[in-house]
Amino acid sequence: MPPSRCRPLSMSWAIGIPLAIIIALLLGSAHQIDFALADAMYQPDIGFIGKHSAFLEDWLHVRAKNVVILFAILCIAFWLGSLFYQPWHAHRRQLGYLVMALALSTAIITPLKALTAVHCPWDLTRYGGEETYTSLLSERAPTLKPGRCWPAGHASSGFSLFALYFVFRDTRPRLARGLLIGALALGSVFSLGRMLQGAHFFSHNLWTAVFDWLICLGCYRILLYRPPATAGDFIQPAPDTNT
């Protein structure tokens, strides 16, 4: 059962850090870090060192993503069940939050990819492809095959699980912190796997992490957060002596 009041939420921290990352990505030299890491994972005569890895493609990409999809389906099933099964009624709000946060965190990826048309590293001439590199906010170079690589889709399968942190932050803080670390680790592993394959730059994954955090935070603020009690909540109104 959700608590009647939640632990204090510092929005300056929860929003300030992601905004600082966004500003750094837009105004800094993220492309230099992107190229440095991609160069280290690329061999001119072979290509990206993980491009033909069965483990990275079959297990870390396809099967791992399917596990997260199955988890999301189970969340939907339990939420629907909570509408009818009395013992689950107390958890309906948390289940509904999970469904919304997971859905939004992953659903925004495809439209943003289509809107931005950013190419993957493996598409670029620098790495044996045919496309010209352009930064995120620059006009795209003429091409017959627009890119579909920003933000990173597979990373969202891991980072969307930030939602689990918010589900438990008010009832089981220690578990919530562990789940937060786990979601960050899983998203990072998914990100690294796709970087080794040449599918994404580092910044693509970092953008995804920021977006998913803000979405999970926003859904929490709307659906689950109940401000902690203040001293004024315990002050009883004075009786009306005029009646």
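Predicted model: local features only at pLDDT ≥ 70, side-chain atom pairs only at ≥ 80, totals over all residues.

Colleague: What is the span of α1 from its first C-alpha to its last, and what is expected?

Modeller: Helix α1 covers residues 11-27, which is 17 residues. Its span is 23 Å, close to the 24 Å expected at 1.5 Å a residue.

Colleague: How should I place this helix within the whole protein?

Modeller: Begin with the inventory and its order. The protein has 9 helices and 2 strands, and along the sequence they follow the pattern α-α-β-β-α-α-α-α-α-α-α. The C-alpha atoms fill a box of roughly 90 × 40 × 30 Å along the principal axes. Of the 243 residues, 40% are buried. Among contacts with a separation of 6 or more, 80% are between residues 24 or more positions apart.

Colleague: Which residues have the most contacts inside the largest nonpolar core?

Modeller: A nonpolar core is a set of buried nonpolar residues joined through their side chains. Here the largest has 29 residues, and those with the most contacts inside it are Tyr97, Phe166, Trp213, Cys216 and Tyr220. At least two residues each come from α4 (92-107), α6 (153-159), α7 (162-168), α8 (173-197) and α9. The largest share, 7 residues, is supplied by α9.

Colleague: Which residues does Cys216 contact, leaving aside its neighbours within four places in sequence?

Modeller: Cys216 is in contact with Tyr97, Ala101, Ser105, Ser160, Phe162, Ala163 and Phe166, once those neighbours are left aside. There is also a second, separate core of 15 residues, which includes Val68, Leu124, Phe190 and Phe201.

Colleague: How many cavities of 30 Å³ or more does the structure hold, and what lines the largest?

Modeller: A cavity is a space where a probe fits but cannot get out. The structure holds 1 cavity of 30 Å³ or more, and the largest cavity has a volume of about 40 Å³. Its lining includes Asp34, Leu37, Ala38, Met41, Phe48 and Pro121. Met195, Gly198, His200, Phe201 and Phe202 also line this cavity. The largest share of the lining, 3 residues, comes from α2.

Colleague: Which features of the backbone deserve attention?

Modeller: The general idea is that most residues other than glycine have a negative phi, and most peptide bonds are trans. In this model, a cis peptide bond joins Trp150 and Pro151, with omega about -5 degrees. Pro151 lies in the loop between α5 (109-116) and α6. Ala117 is also in the loop between α5 and α6, and has a positive phi of about 55 degrees although it is not a glycine.

Colleague: Is Ala117 buried or exposed?

Modeller: Ala117 counts as buried, because its relative accessibility is 13% and the cut-off for buried is under 20%.

Colleague: Where is Glu131 found, and which residues does it touch?

Modeller: Glu131 is found in the loop between α5 and α6. With a relative accessible area of 12%, Glu131 is buried. Not counting residues up to four places away in sequence, Glu131 touches His119, Asp123, Leu124, Thr125, Thr143 and Lys145. Glu131 and Gly218 are 87 residues apart in sequence and 37 Å apart in space, C-alpha to C-alpha.

Colleague: What can be said of Pro8?

Modeller: Pro8 is exposed, with a relative accessible area of 62%, and its place is in the segment before α1. Not counting residues up to four places away in sequence, Pro8 touches Arg169, Tyr225 and Pro228. From C-alpha to C-alpha, Pro8 and Ala36 are 40 Å apart in space and 28 residues apart in sequence.

Definitions and conventions: Residues numbered from 1 in each chain as written. Heavy atoms only, no water. Helix = DSSP H or I, 4+ residues; strand = E, 2+ residues; numbered from the N terminus. Expected span 1.5 Å × (residues − 1). Core = buried A, V, L, I, M, F, W, Y, C linked by side-chain atoms within 4.5 Å. Buried < 20%, exposed > 50% of the residue type's maximum accessible area, 1.4 Å probe, protein only. Contact = heavy atoms within 4.5 Å. 1 Å grid on protein atoms, 1.4 Å probe; cavity = no way out; pocket = protein on both sides within 12 Å on 5 of 7 lines; lining within 4 Å. Points joined across faces, edges and corners; volume = space filled by probe spheres on them.
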